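Here is my note on this structure, point by point. Please keep the 3D view open as you read.

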Amino acid sequence: KSIVVLISGNGSNLQAILDACASGFIAGKVTAVISNKADAYGLLRAREAGSSAHCLAHSDYASRESYDLALQQLIEQFTPDLVVLAGFMRILSPGFVQHFSGKLLNIHPSLLPKYQGLRTHQRAIEAGDQMHGCSVHFVTEELDGGPVVLQAKVPIFSDDDAETVAERVHEQEYRIYPLVIRWFCQGRLRQQGQQALLDDEPL
Ligand code: GRF
């Protein structure tokens with residue numbers, strides 16, 4: 001399977017996915033990594049792993065729609081079975097989301113539907129939550145609102161700050177994102193409207 005990963009920064013989730021493809025845990029290949037930021041460290045990770053690495057700068061485009069169309073066309077060159085958002089810090093227009101509907105996944109650092117949007121760790125701490133986590137979900141037009149496939153929980157301790165919580169959440173992200181992508185590449189996972197459906201493990 002051809003997997004295209006979109007990033008904006010460090011790409012530690014990308015690294016977990018690259019490693020899972022290299023080990024055979026995911027029956028797929030990251031054919032391309034695309035960043036909207038030229039200095040994203042994840043682009044180096046991509047090159048290191050032998051993936052095609054691209055920067056498509058949003059500052060070169062007049063509107064969100066024109067950028068998203070260029071992005072769509074670049075992605076299509078790699079005939080993806082799956083498009084994975086891994087710290088891609090841009091809102092995608094409805095046309096883009098519809099085009100890749102059913103094969104567009106995101107990871108969000110909260111237990112959705114809690115804390116959609118940004119600063120999730122800080123918000124969970126401020127709310128006094130004792131549990132926090134991350135969610136892998138299919139992307140729909142509603143921001144951070146698509147059907148959840150899998151979540152992982154982590155505790156929040158009284159001496160935590162956003163950074164220590166983020167670290168704990170990241171460890172879980174590196175576990176659940178490759179797992180969900182594995183399921184998708186096995187043909188066991190699909191989106192049906194607001195639902196994510198997972199078939200039993202084949203014998
Ligand atoms: C992750 O915490 C992810 O949940 C969020 O952005 C962060 C990306 O980190 N969407 P990295 O670039 O994968 O290191």
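1. Start with the record. An unreviewed UniProt entry lists R64, M89, R90, I91, L92 and N106 under "binding site". Such annotations may be inferred rather than shown by experiment. Keep in mind, too, that the model is predicted.

2. Where does I91 sit? I91 is in the loop between β4 (82-85) and α4 (94-99). I91 has 11 C-beta neighbours inside 10 Å, so it counts as exposed. N106 lies in strand β5. N106 is buried, because 23 other C-beta atoms lie within 10 Å. The cut-offs matter here: 20 or more makes a residue buried, and 12 or fewer makes it exposed.

3. Look at what surrounds N106. Setting aside residues up to four places away in sequence, N106 touches L85, H137 and V139.

4. Next, the active site. Which residue does UniProt list for it? The unreviewed entry gives H108. H108 lies in strand β5, and N106 has its place in that strand as well. H108 counts as buried because it has 25 C-beta neighbours inside 10 Å. Not counting residues up to four places away in sequence, H108 touches C134, S135, H137 and D144. Note H137: it is on the contact list of H108 and on that of N106.

5. Now the ligand. Its shell holds 14 residues, and N10, S12, N13, G87 and P109 come nearest. Two elements give two or more residues to this shell: α1 and β5 (104-108). Of the elements, α1 gives the most, with three residues. How does the shell split by class? Six residues are nonpolar, seven are polar and one is charged.

6. N10 sits in the loop between β1 (2-7) and α1 (12-23). N10 is partly exposed, because 15 other C-beta atoms lie within 10 Å. Beyond its neighbours within four places in sequence, N10 is in contact with Y41, G42 and G87. G87 is also among the residues that come nearest to the ligand. For a sense of scale, compare sequence and space. N10 and V165 are 155 residues apart in sequence, and their C-alpha atoms are 17 Å apart.

7. Check the core next. The largest nonpolar core has 52 residues. V5, I17, V33, V84, A86 and I181 touch the most other members. Helix α6 (residues 162-185) gives the most to this core, with eight residues. Leaving aside neighbours within four places in sequence, A86 is in contact with V5, L6, I7, G11, N13, L14, I17 and I107. Of these, V5 and I17 are themselves among the core residues that touch the most other members. N13 is one of the residues that come nearest to the ligand.

8. D129 gives another loop to inspect. D129 lies between α5 (120-126) and β6 (131-138). Is D129 buried or partly exposed? D129 is partly exposed, because it has 18 other C-beta atoms within 10 Å. Apart from neighbours within four places in sequence, D129 is in contact with A124 and I156. D129 and P155 are 26 residues apart along the chain, with 8.7 Å between their C-alpha atoms.

9. Last, the domain. The unreviewed UniProt entry places "Formyl transferase N-terminal" at residues 2-181. Over residues 2-181, the chain is 37% helix and 23% strand. The end C-alpha atoms of this stretch are 11 Å apart.

Notes
Residues are numbered from 1 along each chain as its sequence is written. This is a predicted model: local features need pLDDT of at least 70, side-chain atom pairs count only at pLDDT 80 or more; totals for chains, interfaces and linings use all residues. A nonpolar core is a set of buried Ala, Val, Leu, Ile, Met, Phe, Trp, Tyr and Cys residues joined through C-beta atoms within 7 Å. Helices (H or I, at least four residues) and strands (E, at least two) are DSSP runs, numbered from the N terminus. Two residues are in contact if their C-beta atoms, placed from the backbone, lie within 7 Å. A residue is near a molecule or strand if its C-beta atom, placed from the backbone, lies within 6 Å of it. Ala, Val, Leu, Ile, Met, Phe, Trp, Tyr, Cys and Pro count as nonpolar, Asp, Glu, Lys and Arg as charged, and the others, Gly among them, as polar.
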